[in-house]
Amino acid sequence: MNQNNVLSSDKISLEESVAIAEKGTHCGMCRIDFLGTGLCPSGKKYGYLAYWPQGRMEIIKHLKEDKIKPTEKLIEIANSCSLCGICDKQCNFATQLRPEKVARALKDYVDKLDKSQIQTVEEDDILKGLREIVGKNWATNDPIIIASYIRSIISPNGELNFYIVMPENTEQVSKIIKFANKNNLPFLPRAGGTALSVATPTVLKNGICLEHGIVIDLLRLNKLEIHPESSSATVGAGIASFELQKEAYKHKLRANVAEAGAHYCANIATTGIVTTWGNSYGCFADNFIDLVLVDNDGNIKKHSDMGISNPYTTEHGFTNISLSPSYIITEATAKLFPVFDDEEAVLVPFDNLKDAMDMVIQLGRRGVGLSLAVLSYKYLAEFICPNRKIAKDFEEICKNYIKLRYVVDVICDKNDKKIVEEMAKYSIDQSMMRTLILGSPKLASLKDSEFMKILSEEDDPLKAIFAGPMRKHFEKGLDASPEQLAKVYDKDLQDFFKKVYSKPEMSNVVWLHAFRILPSRLMRQMMTMGPGGAIWAGDKNHILKWIDMFAEVGNKYNLEHALGFISPLDNGKFIYIEYDYFYDHNDPDVANRISKTLLETTEKSLVMGQIFTLINYLFKGLYRKEHVLYPLFKGLTKEEQELFREVLHSVLGEF
Amino acid sequence: MVKFLSEEWIEYGKNYILEKLDPEKDMKNITTSLLGIIEHVPPNDITMSFYLELKDGKLNDFKVNTGDSFQEANYVIKGNYGIYKDILQGKIGTAMALLKNRLQLKGSKIEALKIIKPLDGLIESLRDITDEFEE
Amino acid sequence: MSLEKVETMQKISLEDALEIAKKGSHCGMCRFDFLGTGICPSGKKYGFLAYWPQGRMQIFKMLMSGKVKPSEKLIEIANSCTLCGICDKQCNFATQLRPEKVAKALKDYTNNLDKSEYQEVIEDDILKGLREIVGEKWATNDPVIISSYVQTIIHPDSELNFYVVMPENAEEISKIIKFANQHNIPFMPRSGGTLLSCATPTVLSKAICLDHGIIIDLLRLKKLEVDVKSCTATVGAGITAFELQKEAHKHKLRANLAEAGAHVCSNIASTGITSTWQNRYGWAADNYIDVTIVDDKGTIRNNSDMDIKNPYTTERGFTDITLSPPGIITESTVKLHPIADDEDVILVPFEHLKDALSMIIKLAQRNVGVSLIVLSRKYLSEFLCPTNQIAKDFEYICKNYLKLNYVVDVIGNKDDKKIVEEMAECTIDKSMIKTLILGAPKLASLKNSEFLKVLSEEKNPCKAIFAGPMRKHLEKGLDASPEQIAKVFDADLQDFFKKVYSKPEMTDIIWLHSFRILPSRLMRQRLFFAQAGMIWSADQDKILRLVDMLSKVCDKYKLEHMLGFVLPMDDGKYVFFEYDYYYNHNDPDATKRVSQALIETTENCLLMGDILMVLNYLFKGLYRKEHVLYPIPKGISDEDLALFRELIVSILGDEFKW
Amino acid sequence: MVKFLSDEWNNISKEYILKKLDPEKDLRNVTTSLLAVIEHVPPNDSTMNFYLELQDGKLTNFIVNTGDTYVGKEAVFTVSGNYGTYRSILKGEMSMAVALLRGRLKLKGSKMKALQIIKPLDGVIVSLKEITDEFEE
């Protein structure tokens, strides 16, 4: 618990702050106002990543290791932090870190500097040119600012010969690209950065990151208009899922969005929007009415333009791998869907995957449920529990005592709820979910208790606890309340979290599915790599084989791993599966094993056939699902497998 | 050592390929042709292209051409001067450049990727002889 | 009932045969095997429309009116008919006509001709060229054959300077088009021909029909492969909805399809596939994985090709009217959908449209039901009843005694059924519908009966009769049986129809929704024009105002008219409506009034806004619905209206006046 | 009466339009330009085009041109179609609007705008009708 006394002490050493910083994973939750605290004032004012909590955490690491020298900007960055503490609250909810302490350490560091140590940065012709396009404030070549982009678009082990530019609209993006081409500079857009931060520790790094050139930070394209009259929304590239959802909800409408921090447009461009709502709201091009995009030559196009070449199709086959977007989506017209008055959540617990999968596919085919997924005990634990330790214990209880290994998780209207309840022996309702959320610390503490031992001896512990006589005791025992839950947080934050958890939405499962603030917890102080993809749902044994394969490979490279979720697509004809590997992103050895796992599982998946892997998913979200998913993928032949290896190796290098 | 796309470069390239690269081992006896279009060539921001033709792994034709008139080829790759430079300086592989859309490909990606390996051999040979670029 | 007399006599006069022929409306039901009778042997063998029953009827009219002179081919056409009687059975089911009698008359007529009356037809260079592409047999310029295409792609008044060619595949079509362009000859594809036959009597005729040149009859593109694994089917341009559905059902799969006789590919190209299944299965591009198209330069392409021009979008706005397909779809890969084991049907009767409407939109938004639609009493009667007269009485009873003006018609699994039942005050179940189908004649005969008078005094007659105590009496009273219904057909066909109606599927409402053999009855012995569109469903009163407007205009032009159906699409965000004007296609005055009603209602809808009219989505079925439906059309201004009228005039010619 | 696309045709049409068409009444003072591309012109299957320019309803330019090289200026509208289509338009067998809506004439430029000037343009076409009687068959 040495971290705790770090956190409690007011003064903080550089080493200690770096220790915090290194645990950061660029989940990006400090850039959206998901707790009603307001946003980091300096980030909001200055825009560049460097001025946001996650940026400061990145910077301090590189100062420590002398990768970068102080500049004038560093002082501005350090001073721009008002120590308001918003970041501590936000970060604690997701990852239990204290970025403000890092900010304070950065201030101390700057104060200790003497002027001579501060390098001056020259404006070169490229920067001049960029500033002519976006204005002086919104383009920079300052190494400190650039350093803040490391790990979320810049590879940690490269030089920092980059420019960062923050355009305000599509026209500026177009000008930037034309300018970049003319000057023979590569460029890459950055939105939420999470996908990049997940890929960076792995072998995908070289493929995904920008090696040098112009980083186009899209945060300033924050147009957001809801059109209730046509239930659609115009969404700029700088808008995060959470922000769109919040606006939509004001009109009793819902958008199909990814994790809270993911930017809507970037999300369409990368994997398309993959969610538990996909079965009813669609996938790939289903999600939008139109897109505005800028191509690699800087031309501005719309998907509704007649003159352009077919924007809805892509080359078919396993070699069709793209490692960067072929367009920058600057604006999307998103479809919105009605939020019904009688929506509810119903979770059906299972002790084995097969039954859970059968149910979710059947529901998918019958069009039951708005949001529809199988969640593993792993996700359930990570999402629900306020910190890693509690999640671990919760997980063990699910796994070993109550045999709650999977839940079929349905958000639906009351009619569909009836249907699900009739199919299920018993289910977990809203109020029980609320109990689990607020009571999770207490539950975790029961890990080795008598109560659990007795429970585990029941022939159906799940029934006993959720539908049986023990429910009452259980609910009483957990005494689930905001007060209880708040206790797990640092002293100075307990009042705040009591208020937070008193808000109805924080324990409202429907709301949590729509706003998706919990998945960030998968990245708390560690990293997740979640391969998977879409698999034809016709052959269930095939699907189970596939999932086993992920487990086997995970074991082979002794990684912490678990199935994440399963959700039907395309009227239950396909299902999307995410299988997660968890690891410490600061450990190069494990990162290397993660890479091997990624490649091996991908290759095996391709050989199995009828699978559209994550690697093939990348950057195809703006096409018609009919052209991406059909015809069904056949298994690779020996020779194709050879080719696949060749390609990957010439791309990712031998290792 | 010579300058990218210069007369000598072509000559060196030809000879190097003929002498150093074994049609069977290195070039897998492939028969194909490739047109590389190079945009924004400094200092005058012109477009150039090189055309390369392999017959049974033997170099059949290799020439450079300035302007917007291009020759028909099985594969056409297009990109700016900078990316070709990166490739020839070994900063990025051809396959990678394709997958990152730095090089845009006309023709089937699958087919193109099949000849990536032998092409890499060729690129390497050119890499060894090219040291000078327009800045 | 002169017709009945005619039908009982063996020999038939030219006049009587002409009577029959004139009543034909080219519903095309004689070109596929929907009753298990097999199909017309000569049509199957020779292909050209002339050799099918509907073609012979058309030819007969043309000969009698002197619009076409006999040719050598006429003899072949007349003799190729074996008088097997299949057409009489098929046609009777749909329209109660006897095409075989026309065929007989045609034989008599040709036998009485003497050689001198035959005109000689010579092969010109164009024909030579076409035959080089498709082979001697499959291209012709014979005026008699050409005349069989009148009214389904050729305007009745135009000269017959056409060629008809029947290619076998996309490559041949590509060659034909290139050949046509090179010789500056216009061309047009023909599939089922029903759309064209509905437009021909109206002002749209000149705009839609081919003025001269090459008719590309697509009937021979017969590819049909179901891929069970991926739930898809590859369908050639010559395949009808019925044929595809039959294949799909063999694998417990269902395709989203138009009326039985419509060709799948051309249907995608023209209006997109509109069906009761549309809310679940989608519209326009939703329905297919990929299509192969030959464009008007003769280039063959797929929508999955990357380097073609955006094939999924279109211009928007009220001036965006398209009168010909963007290309010829020669093959499409369509989606198929699994059929649930517990599928069931349920009908909810309504007196007022408003209530039916709000129910269906609610169901659609909540994704309840696979097939989902509001049917008017008109459709219900026309579909269920074997003859026009019975349909009339049936409708009268619905309206005046039962107050059954609309039904919400839902097909779904047992869960959906429960949900609907909970929402509805009373419902009509599968067995009751079977009773109504087989008992229709008897029910109609009760028109002025005491029973119905009593019933009509009930507070809720529908409830009483379908769910209440009187149900038993009704079921008993109707004694619904194949025998009973067979009685309404001509004496010589009664045995046959007894067998037909004994087949379970003929009274299986789900099967009937999938195979859609009943809509052809809307065209029995007369035509209808479908004024249709898609309206944003948020404002339900506006939908009611729309229907009200449509009926007022039709009254003004003294047309028989009625709302056909309303069905939700795009998750219930839009509803698709069809409002029908019925008329005698042989009465020029009526057709004129239909045209005027068509234009006037279209204008009114454009002014109302939130509506995408058929005139604006015609031939846009290939595109992504998002690009066709959005942004939602705004009401147009008066100067836009002026522009629209100008446009109409330049399409329809100055003779069209307001 | 002259032959379609011949020099005389070009000249006479010019005069005719200037004389007979009232810029305001007939041509509604429109300012626009039209490039018409004519494909498959017999006998040699060549391509021709004519460029027509109206200023406030007055004809300011009218050029006929052979081959794929077009008149220098970019026209507001470009319509292309085969000789046969133009023939039936000039013979009055089909209106320009219908030809457009049926895809016989392909339009480059906004259909909306094109249709707004369809009437005035019809005026021009009508006048061309009256002086054109000879076509390549």
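Modeller: Two strands pair if DSSP finds at least two bridges between them. The strands (E, at least two residues) and the helices (H or I, at least four residues) are DSSP runs, numbered from the N terminus. This is a predicted model, in which local features need pLDDT of at least 70 and side-chain atom pairs count only at pLDDT 80 or more, while totals for chains, interfaces and linings use all residues. Residues are numbered from 1 along each chain as its sequence is written, chains are lettered from A and ligands numbered from 1 in the order in which they are written, and side-chain values use heavy atoms, with hydrogens and water left out.

Colleague: What makes E15 and E16 of chain C a pair?

Modeller: Strand E15 (residues 560-569) and strand E16 (residues 574-583) of chain C share 9 bridges in the antiparallel sense. The rule asks for at least two bridges, so they pair. In this pair, Glu560(C) stands opposite Tyr582(C) of E16(C).

Colleague: Which sheet has E15 and E16 of chain C in its order?

Modeller: An open sheet of 7 strands in chain C, ordered E11-E13-E12-E15-E16-E14-E17, with antiparallel pairing.

Colleague: Why are E11 and E17 of chain C said to stand at the edges?

Modeller: Strand E11 (344-350) and strand E17 (611-613) of chain C each have a single partner strand, so one side of each is left without a neighbour in the sheet. Neighbouring strands of this sheet are turned by 20° against each other on average, direction ignored; the axes are lines fitted to C-alpha atoms, for helices over the stretch in contact, and angles run from 0 to 180 degrees between N-to-C directions.

Colleague: Which helices pack on the sheet?

Modeller: Helix H19 (residues 414-423) of chain C touches E11 and strand E13 (406-412) of chain C, and its direction makes about 15° with that of E11(C). Helix H27 (residues 540-556) of chain C touches strand E14 (527-536), E15, E16 and E17 of chain C, at about 10° to E16(C). Contact means heavy atoms within 4.5 Å.

Colleague: How do you know how much area chain C and chain A bury?

Modeller: Buried area is the accessible area (1.4 Å probe) that two parts lose on being put together, summed over both. For chain C and chain A this comes to about 3,800 Å², 50% of it on carbon and sulfur atoms. On the side of chain C, Met306(C), Arg366(C) and Arg624(C) lose the most area to chain A, together 17% of what that side buries. In contact are 47 residues of chain C and 45 residues of chain A.

Colleague: Why is the meeting of Arg366(C) and Asp342(A) called a salt bridge?

Modeller: The term needs a side-chain nitrogen of Lys or Arg within 4 Å of a carboxyl oxygen of Asp or Glu. The N to O distance between Arg366(C) and Asp342(A) is 2.9 Å, so the pair qualifies. Chain C and chain A have 8 salt bridges between them.

Colleague: Which element supplies the largest share of the side of chain C that touches chain A?

Modeller: H19(C), with 5 residues.

Colleague: What makes the phi of Gln96(C) worth a remark?

Modeller: Most residues other than glycine have a negative phi, and most peptide bonds are trans. Gln96(C) is not a glycine, yet its phi is positive, about 60°. Gln96(C) lies in the loop between helix H6 (86-94) and helix H7 (99-111) of chain C.

Colleague: Is the peptide bond from Pro42(B) to Pro43(B) cis or trans?

Modeller: The bond is cis, with omega near -5°. Pro43(B) lies in the loop between strand E2 (32-41) and strand E3 (46-55) of chain B. In chain D, a cis peptide bond joins Pro42(D) and Pro43(D), with omega about -5°.
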